[in-house]
Amino acid sequence: MGSVVHVAVTPVGVRGMKILNREKFLRNIVVPILKVSEEKVSKVRPICKNYLLKLENFKPIQTIKTNDENSSKVIHLNPEKINKWADITEVDRQSLFTNGITEKEFQLKEMQVTYDHFKYDEVFKAVLPDNEETVSGFSQIGHIIHLNLREHHLDYKQLIGQVLIDKIKTCRTVVNKNDVIDNTYRNFSMEIIAGIEDYIVTVKENSCRFQFDFSKVYWNPRLGKEHERIIKMLRQGDVLFDVFCGVGPFSIPAAKCKCIVFANDLNPESYKWLNHNAKRNKVNMSLFKSYNLDGKDFICSIFKDYITDLCNCKQILEKGAKIHVTMNLPAMAVDFLKYFKGLITDKSLVEKFNYDIFVHVYCFVIGDDPIKLAEQLVKDNIGSDMSIDFVSTFNVRNVSPKKEMIRVTFKLTKNIIFGLKEAVEPCEPPIKKICT
């Protein structure tokens, strides 16, 4: 087995490795152990809980063969914490003694650690430059792991990709994002750094299964909880207008909840997979309509026509039902709010308008008071101070150290939709003059 070394359990001697060499992680170490009989394990294990040797693919308590019929157990302890019997606290030594375990049962054992014993983050910490930020986070979408590597990681990208495929059993492909999401269709160029070239993924969210080509559409697994929050606001018979729907994380669960859904996305690939997922999830297509339009056109035609038809009794809204508008395009969704201001010009419909319409608009903000900044963005883009119409403002997630994703929910009133002037609070009536 080679010479025995008495060192830390973590990998050593692999710093700066750029091409993965699993053999370099193999070495022999000395590990303290306790030999206990089978019947004592249940009482001894809690005492040793803080000392156990915890490695990937390794059981710290193992059975050993004995000459007699009784089976015996070996408890492996962490050599970074324990090297001799006295390293165990006096309290714990006393507890062990009470259960018949003394220094006689404490021994040192030589064992071999390999690449398989380490988690991916332990490998990265041992290999990547120790004076730089390590690979701290990534997204998994189906079988694809999506990275956004820093510049100092790029020389190690092949190793990083291969380690993730080795260590995460559901991963078959690792990609690195090449640029920011700033184009019309909200997708980004990417390169495969490990695994097979297969971008068609399947993910499960809110009791629905979504399938799509990850290289051509937008999907963020960190938004699953937010999708769920909105779905829980909806009730059977409500109407949802999803202006930037993507492949349907709002629209399809809403339709499954028997809401009437109007789903729209400008990206033809998103539109294709949206309809594919509607059929895949057996959505009642009488409740579901999809569109491949610009957000402005969707608001100024599909949404406008629906509200106009409601006022003219050409559409019927169930009693108590509400209308919701989701606008999940945080980089620019607030720019589309201006199209709601004065959307309907036929003032004869003002008195017929009596509907609850809630807009859920998402935005990115940078600053010390993200809630206030987000609400101001909404006011600026609507073009009026509609503070009384705000229902809630919610911090969805932290995007980067100074950047937050915020959802502002407000009520779309007749003053906004018909472009009416805000009602002015009446002043106190003047004091009557006394007649003389």
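A salt bridge here is a side-chain nitrogen of Lys or Arg within 4 Å of a carboxyl oxygen of Asp or Glu. With that in mind, here are some notes on this predicted model, which I hope are handy as you look around it.

1. **Salt bridges overall.** The structure holds 13 salt bridges.

2. **Asp166 and Arg22.** These two side chains form a salt bridge whose closest N and O atoms are 3.0 Å apart.

3. **Glu133 and Arg150.** Here is another salt bridge, with the closest N and O atoms 3.6 Å apart. This pair also links distant parts of the chain, the two residues being 17 apart: Glu133 is in the loop between α3 (120-127) and β5 (139-141), and Arg150 is in the loop between β6 (144-147) and α4. Glu133 is partly exposed because its relative accessibility is 42%. Arg150 has 47% relative accessibility and therefore counts as partly exposed.

4. **Helix α5.** The side chains of Glu226 and Arg229 meet in a salt bridge of 2.8 Å, N to O. Why are Glu226 and Arg229 separated by about one helical turn? It is because they sit three residues apart in helix α5 (residues 224-233). As for cover, is Glu226 buried or exposed? Glu226 is buried, since its relative accessible area is 2%. Arg229, by comparison, is partly exposed at 28% relative accessibility. Salt bridges with shared partners also join Lys225, Glu228 and Lys232 into one network.

5. Arg45 is placed in helix α1 (residues 41-48). With 42% relative accessibility, Arg45 counts as partly exposed.

6. **Positive phi at two lysines.** Most residues other than glycine have a negative phi. Against that background, Lys258 is worth a look: this residue is not a glycine, yet has a positive phi of about 65°. Lys258 lies in the loop between α6 (251-256) and β12 (260-264), and is partly exposed, with a relative accessible area of 49%. Lys282 also has a positive phi, near 55°, again in a residue other than glycine. You will find Lys282 in the loop between α7 (268-280) and β13 (288-291). Lys282 counts as exposed because its relative accessibility is 73%.

7. **Glu318.** This residue is in the loop between α8 (295-311) and β14 (323-327). Glu318 is partly exposed, with a relative accessible area of 49%. How far apart in space are Glu318 and Asp238, C-alpha to C-alpha? The answer is 7.7 Å, for two residues 80 apart in sequence. Once neighbours within four places in sequence are set aside, Glu318 is in contact with Gln236 and Gly237.

8. **Ser392.** Strand β16 (residues 390-400) holds Ser392, which is partly exposed at a relative accessible area of 28%. Not counting residues up to four places away in sequence, Ser392 touches Arg407, Val408 and Thr409. Ser392 and Phe106 have C-alpha atoms separated by 61 Å, and they are 286 residues apart along the chain.

9. **Thr413.** Finally, the place of Thr413 is in the loop between β17 (403-411) and α10 (414-417). Buried means under 20% relative accessible area, and Thr413 has 17%, so Thr413 is buried. Leaving out residues up to four places away in sequence, Thr413 touches Phe353 and Asp389.

Terms used:
Residues are numbered from 1 along each chain as its sequence is written. This is a predicted model: local features need pLDDT of at least 70, side-chain atom pairs count only at pLDDT 80 or more; totals for chains, interfaces and linings use all residues. Side-chain values use heavy atoms; hydrogens and water are left out. Helices (H or I, at least four residues) and strands (E, at least two) are DSSP runs, numbered from the N terminus. Buried means under 20% relative accessible area, exposed over 50%, partly exposed in between (1.4 Å probe, protein chains only). Contact means heavy atoms within 4.5 Å.
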